[in-house]
Each structure stands twice: as structure tokens, then as C-alpha cells.
Amino acid sequence: MILISILIFAGLAYFFAVFLKNKKVGYSLSFTFIALFIISLVLLISNEYNHFGMEQVTNKTTYQIQSAQKGSNLLLEKKLGTSGKENVYVYRTPETANAKKPKTTKANVHVKNVVKTGNYSAATLEQKTTRWEYKNGFYSFLFGISDNNKEFVKQTNTFKVGSDWLVLTTTQAKQLQKKMSSKTFKAQMKKEGAAYVQAAVTKAMQANSSMSSAEQKKIAKQAQKEFQAEAQAKLIQEVKK
């Protein structure tokens, strides 16, 4: 509406200045519409550059997320650019679990990504998005033609994942996968794992010589889990270095 008003005020100012026979009245009306033209123009510029008639509105949405790679609890961080200062996080949601490509956070300097690891019952993404919106219908009617409603301002993405999740860069994830799939590493883990389990069972039997076969298997199973967790943690630390 403001653009239409500017055109109308300019046209009326010209009309009264040129075509009205009573020049005194004509110039008075012309100056009035010139003033209205200037005021409208200032308002339009203020809306365009200073968001006059608008306010920042923040909306919060929480999504349940899944690992970017199936079969593991993994949140991936992808570095962008040569400096590596900008990044996006790669994840999936239940709705996009079978999609060809996973979802990513917005690549924008005004987007902040935060990862919190703790005792969470489910992995979630909390998005707080701030946009410019018109204060009321009047301002929307006046400046709506500018097409700047819902203009993006900033966003904060907070990932909340359990302590059993891994947070790695895409480069680290590739290195981890490559090392874990190597024959040398598998053979080493098999050998060290067997020794770890045997040592745990032997220690338990020394403490209780009457231990049954079922109890020994239980100790061995628990020791295997402990070894795998320790080996994975050690390998992750090596990759992160």
C-alpha cells in the first residue's frame, strides 16, 4: 500500500502544480502532497532498513532426532569453508529415517549450534528461530508488498543426546570407520579382548573357586562389554587427536 501511496502522492503533486489554474491553491496542495510523498518514502526506507513497524519474534520447536548413520548413535559435525569456523550438524528425524540424504542445520553465520550430552531419555533438537514479523495488521497492510515479513534473524540449535552418543566430525567418523574395519585392528581387538576376558574370569575364580559355569559365562560376557567400551573410547580419543 505504501508504494501505491507514493505514486498517488507524486501524481497529485504534479497535477495540482501544473494543471490547477489557481496557482496559489495549486502550489499549496502540491507542497502538501510532496510532503506526504517524502513522509511515505521515509517510512518505506525505515521499514526496509530499520524494520519500522516490525518486531522480532522467537519460536521454539523441539524435534526427536536419530543418528545420521543407521546402527549407531552418532551426531556428525561437518566443517564448512577453508577456515573451519562455520559448521553444520548432520542428523535424521523419525520422519526422514529412510530418506536418501540426512538433514542438516542451516549453514549461516547467524546460526549457533550447541551440543549437550547427558542422561536424556531421548535424543532431541531444540530450535529457537527469531524472525522479523509485522506488529499488527495495519503495518502488514502498509508494507506487505515489500515481502520482508518472516525475515530470518538468527537461530540457535541445541542438540541433547545421551552419554552413549558419539559426537564426531565427518572426517573423524571416516577415520574411525576405516580403522575399525581394518583386518589388523580386528585381529588385535580379538586377541586383546580374549586376554581381557580370560584375566577377568581368572580373577573372579580366584575370589570364588566354586563358581559355576553359568557364573563364569556371565563374568565373561560382562568383561567383553567392558573391553569393547574401553577399546572404543580409546580409539575415539586417538581419532579426535
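# Buried residues, salt bridges and helix faces

Q: Thr 169, buried or exposed?
A: Thr 169 is buried, at 14% relative accessible area. Buried means under 20%. This is a predicted model.

Q: Where does Thr 169 sit?
A: Thr 169 is in strand E8, residues 166–169.

Q: And what does Thr 169 touch, neighbours within four places left aside?
A: Thr 169 contacts Leu 76, Glu 77 and Lys 79.

Q: What's going on between Glu 77 and Lys 79?
A: Their side chains form a salt bridge, at 3.0 Å from N to O. Side chains of opposite charge can pair when their charged atoms come close.

Q: Glu 77, buried or exposed?
A: Glu 77 is buried, with 12% relative accessible area. Lys 79 counts as partly exposed, since its relative accessibility is 45%.

Q: How many salt bridges in the whole structure?
A: The search finds 2.

Q: What does Lys 150 pair with?
A: Lys 150 bridges to Glu 133, and their closest N and O atoms are 3.1 Å apart. The pair links distant parts of the chain, 17 residues apart. Glu 133 is in strand E6 (residues 124–134), while Lys 150 is in the loop between helix H3 (137–143) and strand E7 (151–162).

Q: Glu 133, buried or exposed?
A: Glu 133 is buried, at 15% relative accessible area. Lys 150 is partly exposed, at 46%.

Q: Which residues of H1 are buried?
A: Ile 2, Ser 5, Ile 6, Phe 9, Ala 13 and Phe 16. Down the helix axis they fall within an arc of 110°, so they line one face of H1.

Q: What do those buried residues of H1 pack against?
A: They pack against H2 and H3.

Q: And which exposed residues are on the face of H1 turned away?
A: Leu 7, Tyr 14 and Phe 19 are the exposed residues there.

Q: What does Leu 3 touch, beyond four places in sequence?
A: Leu 3 touches Leu 44 and Ile 145. Leu 3 and Ile 145 are 142 residues apart along the chain, yet their C-alpha atoms are separated by 7.9 Å. Leu 44 is one of the buried residues of H2.

Q: Which other residues of H2 are buried?
A: Gly 26, Ser 30, Phe 33, Ser 40 and Asn 47 are also among the buried ones. The buried residues of H2 pack against H1, strand E1 (54–64), E6 and H3.

Q: How many residues does H2 have?
A: H2 has 28 residues and reaches 39 Å between its end C-alphas, close to the expected 40 Å.

Q: What happens just after H2?
A: His 51 takes a positive phi there, about 55°.

Q: Last topic. Which residues form the nonpolar surface patch?
A: Tyr 27, Phe 31, Ile 34, Ile 38 and Val 42. Together they have about 480 Å² of accessible area.

Q: Where is Ile 34?
A: Ile 34 lies in H2, residues 23–50. Ile 34 counts as partly exposed because its relative accessibility is 34%.

Methods:
Residues are numbered from 1 along each chain as its sequence is written. This is a predicted model: local features need pLDDT of at least 70, side-chain atom pairs count only at pLDDT 80 or more; totals for chains, interfaces and linings use all residues. Side-chain values use heavy atoms; hydrogens and water are left out. Patches are made of residues with over 30% relative accessible area and no salt bridge: like charges are joined within 9 Å, nonpolar side chains (Val, Leu, Ile, Met, Phe, Trp, Tyr) within 5 Å. Accessible areas come from the Shrake-Rupley method with a 1.4 Å probe; for residues, only the protein chains shown count as cover. A salt bridge is a side-chain nitrogen of Lys or Arg within 4 Å of a carboxyl oxygen of Asp or Glu. Helices (H or I, at least four residues) and strands (E, at least two) are DSSP runs, numbered from the N terminus. Buried means under 20% relative accessible area, exposed over 50%, partly exposed in between (1.4 Å probe, protein chains only). The arc is that of the directions from the helix axis to the C-beta atoms. Contact means heavy atoms within 4.5 Å. The expected span of a helix is 1.5 Å times one less than its number of residues.
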